[in-house]
Each structure stands twice: as structure tokens, then as C-alpha cells.
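User: I would like to go through the surfaces in this model and the terms used for them. Please set each value against its definition.

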There are 2 protein chains.
Amino acid sequence: MSLDPFVPTLKEWIEVSMRYSMRNFLHFARESGLSMSHLGAIYHIHQLGSCGVTEIGEHLGVTSAAASQLLDRLVQQGLVHRTEHPDDRRVKQIGLTEEGQRILKAGIQARESWLDQLAEKLSSDEKDRITAALQVLVAKGNQLG
Amino acid sequence: MSLDPFVPTLKEWIEVSMRYSMRNFLHFARESGLSMSHLGAIYHIHQLGSCGVTEIGEHLGVTSAAASQLLDRLVQQGLVHRTEHPDDRRVKQIGLTEEGQRILKAGIQARESWLDQLAEKLSSDEKDRITAALQVLVAKGNQLG
DNA sequence: AAATATAATTTAGCCTTCTTAACTATTTAG
DNA sequence: CTAAATAGTTAAGAAGGCTAAATTATATTT
């Protein structure tokens, strides 16, 4: 059981993919002039879909005051919109603007830009086998918590 | 060529693995009371091996003054040692203390802790095929820049 | 030996991000 | 209808992290 190379190999691969992905993502962050806080918030807002200020704060692990201030900056930069909720005028509906969505996608794209190079190093046959293997991983992975 | 599902599938998997890995890692950062800057620096110091203050700053993309101040805090927390270089007394040799190495390993461990759960969801046969596929990816991945 | 270069640090100041506490507006409960 | 709860904002202040510039100590060059 401890001889099963599955988990160690998976860790190796994650080590590799995190190294390239983070390098590219940090480079993107620098170039775009956005802080990791801002990019993280954009990602969370995307994940949450339409949501309130406090909810975002909870997901980021900060107070609603901090979330409000963070959103100020994102709104000012045109990345996020903040509108009154029609049914409850206390709450603000937060969402990404078109520009916010563009930045989100560009960040993800930058993070993954090394994969095309990787693909070039593989034969069709290797790619087929790897694709099949990864599809199993994705399916099972999405079943975790 | 655009029909090859390899890269899209790889992206899906990276999406999944980043989601779990980052969630666990951020949780670890909170629990350990260390900022992402500090953890990032620890990782870079580990990668560089024994190195000087300026060199760390370059890798982190900050001035040597900033690196020096960052190292102050890490030394104070007992995670990093800073000793005179025997051959050139201008330079300080920076390295992780035992506690620094412990934190590094704990962070990596936290990041990867979801993989055991994933392994439990797979048959031996699936694991074998996936392991073989990932070994190819790791080998080719390490050949990139 | 003197001048120059290099490595690290210290200082002062700026900007960001966070927290707590006070405040406004709105909704819900009694 | 009033009291309490909820959502968000604002203000003041602390902490972190950055830079540029000055400073110290050591090495290297001439």
C-alpha cells in the first residue's frame, strides 16, 4: 500500500504544474498592475456569482468593512459593479463588469499558457492516454468536498 | 488539431487541482499565522538553497532593502538563519532553520492533503494507468523552460 | 594606499489592507 | 408602531510591505 506510486506521482505533477502556473500568474499580476488581493477577490466574485458585500468578505476571510473598502477600489477600476438589490435595499449586488470578466479570463489564460508548449512535446498516442487518465481524475476530483 | 481534447482536459484538471490546493494552502497560512509573503519567501529560500539577501530580493522582485526587512521578520520568528559568509564578510548566508523547514513541509503537506481522499476513489487499475500518464507529463514538464 | 564597487542595513515616508467602532438605511419582529 | 436586527459604509488608527537615499562594512581595482 505504501508502495503505490500514485499519490507521490500526483504530487510531483502538482509540484510541476503549480510552479509554471504560479510563475505565469504572478507575471500577469505584475503586468496588469493588479494586486493578488484584487485578483483573488475577482476570482471569488466570479465563483460566487451575484452576491452581497458581507458574503464576499466571509469568503475572503475579512470583515465586511474590509470587503466594502476592497470593492471600492475594484469599482473605481471598473472591474466590479455594485448595484442595489431590488428586493432588499440594504444589500448590494456585486458582480464582475465586462472588463472584470476580461481580466479574469486573461489571468486564467496566462496561468495556463505553458500547456501548449507541453502538448507539443507529446505524441498523439501519449496525449490520448493522458487525456483519458485526466478525465478520470477530473470526474473523481469534482466529487470531493 | 483544434479537436484534440488534450489541452482542454489538462486545463480542467489544473482548475480542479488549483482549487483544492489553494484552498488548503490558504487555510494553512491562516492557521500558521504567516502571511503569503512570508510563506512565499520561505519557498524561494528553499528553492535557492544557501544564498544572499540581494539574490532573494531579485527572485521575489523587490529591492534588497525590502528583502532585508522581510528577512528581519523571518529571523525574528526563528524560520530563517542569517550568518556571515566565511569568504566574503559583506554577504550574509540565508537559509531555513529546522523550524523553517518544518513550516515549508507542513505547507506543502497541507496543500496536498486532499490527494489521499482522491486516491481512495480510484481502483488499482485506474491508478496504474493514471500514474503512467502522469510520469510522462512530469518528465516532459521538467524539460520546459 | 586610495578610490571605487559591492552587500547589507537603516531611516523616513508612502500606500495598501486590515480592524474596531460609530453611523445610516432598511427590513423584520413583537 | 416601536424595537431589534441586518447590510453596508465611513473614519481612525495599526501593521505590513515597498521604495529611495544615506550609512556601514568589506572587497576589489588601479
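User: What makes the classes of the surface near DNA strand C 8 nonpolar, 10 polar and 7 charged residues?

Analyst: Ala, Val, Leu, Ile, Met, Phe, Trp, Tyr, Cys and Pro count as nonpolar, Asp, Glu, Lys and Arg as charged, and the others, Gly among them, as polar; sorted by class, the surface near DNA strand C has 8 nonpolar, 10 polar and 7 charged residues. This is a predicted model, in which local features need pLDDT of at least 70 and side-chain atom pairs count only at pLDDT 80 or more, while totals for chains, interfaces and linings use all residues. Residues are numbered from 1 along each chain as its sequence is written, and chains are lettered from A and ligands numbered from 1 in the order in which they are written.

User: Which residues come nearest to DNA strand D?

Analyst: A residue is near a strand if its C-beta atom, placed from the backbone, lies within 6 Å of it. Of the 25 residues around DNA strand D, those that come nearest are Gly52(A), Thr54(A), Ala65(A), Ser68(A) and Thr63(B).

User: What does chain B bring to its contact with chain A?

Analyst: Residues are in contact if their C-beta atoms, placed from the backbone, lie within 7 Å, and the contact takes 41 residues from chain B and 41 residues from chain A. Helix 1 of chain B gives the most to the side that touches chain A, with 14 residues, where a helix is a DSSP run of H or I with at least four residues, numbered from the N terminus. By class, that side of chain B has 21 nonpolar, 9 polar and 11 charged residues.

User: Which residues come nearest to DNA strand C?

Analyst: Of the 25 residues around DNA strand C, Ala65(A), Gly52(B), Thr54(B), Ala65(B) and Ser68(B) come nearest.

Notes
Contact = placed C-beta atoms within 7 Å. Helix = DSSP H or I, 4+ residues; strand = E, 2+ residues; numbered from the N terminus.
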